[in-house]
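Welcome! Please take a moment to look over the sequence and the 3D structure shown here before reading on.

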Amino acid sequence: MSFPSSVQDAVSSLFYGGSANVSWQQALDGLDDEQATRQPPNLPHSVAALVAHVQFWQTYLLAVFRGEDPAWIEHAPEGWPTVTAVSWPALKEGFFADMDALARYAQDEAFLMELDPEGRFRTVPLTSFAAHGIYHLGQVVSVRQALGLWPPPGGGDTW
């Protein structure tokens, strides 16, 4: 296991899953469209729904970083976009592209020292949103386990 060597590396790596977890790439490996959108009994979300939720907030944060003023949602369900088997491939592609964009922001030391609209260093929302993603990454693993789809073809933690 390789650990990040700087704050920028540590924050950047969190968007991919961090050094103590399976990566998002591993967690989504091998899922076809039907498997990704299947919701296990007694669990509230499919893998695709969890990814769509994280993607929703990645898009929000990137808009803030571009200087836009996206509206804050008033109710939690608004942050859970509907995803279908047909939209899963595009969702996954956008999810990884936005993850890369956020990781690049986390590598930019000058950007990290800027203040956000609330007067906090940019490191604060970056780490908060990365932690949010890791929380849902754990749920993805649990959903796959509940569906009998764990470990993924490329391997993954099994404890």
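The model is predicted, so local features need pLDDT of at least 70 and side-chain atom pairs count only at pLDDT 80 or more, while totals for chains, interfaces and linings use all residues. Residues are numbered from 1 along each chain as its sequence is written, and side-chain values use heavy atoms, with hydrogens and water left out.

**Two helices side by side**

Let us begin with helix H4 (residues 47–65) and helix H5 (residues 88–107), whose axes come within 9 Å and cross at roughly 40°. Helices here are DSSP runs of H or I with at least four residues, numbered from the N terminus. H4 and H5 are therefore oblique to each other; angles under 35 degrees count as roughly parallel, over 145 as roughly antiparallel, 65 to 115 as roughly perpendicular and the rest as oblique. The contact (heavy atoms within 4.5 Å) includes Val-51, Val-54, Gln-58 and Phe-65 in H4, and Trp-88, Phe-95, Asp-98 and Tyr-105 in H5. Sorted by class, the residues of this contact are 15 nonpolar, four polar and one charged. Ala, Val, Leu, Ile, Met, Phe, Trp, Tyr, Cys and Pro count as nonpolar, Asp, Glu, Lys and Arg as charged, and the others, Gly among them, as polar.

On a 1 Å grid over the protein atoms alone, a cavity is a set of points where a 1.4 Å probe fits but cannot get out, and a pocket is an open set with protein on both sides within 12 Å along at least five of seven lines; lining residues have an atom within 4 Å of a point. The structure holds one cavity of 30 Å³ or more.

| Space | Volume |
|---|---|
| Largest pocket | about 320 Å³ |
| Largest cavity | about 80 Å³ |

The largest pocket is lined by 16 residues, with Tyr-60, Val-64, Trp-72, Glu-118 and Arg-120 closest to its centre. H4 and helix H7 (123–146) each supply at least two residues of the pocket lining, and the largest share, four residues, comes from H4. This lining has nine nonpolar, one polar and six charged residues.

Note on methods. Axes fitted to C-alpha atoms, helices over the stretch in contact; angles between N-to-C directions. Points joined across faces, edges and corners; volume = space filled by probe spheres on them.
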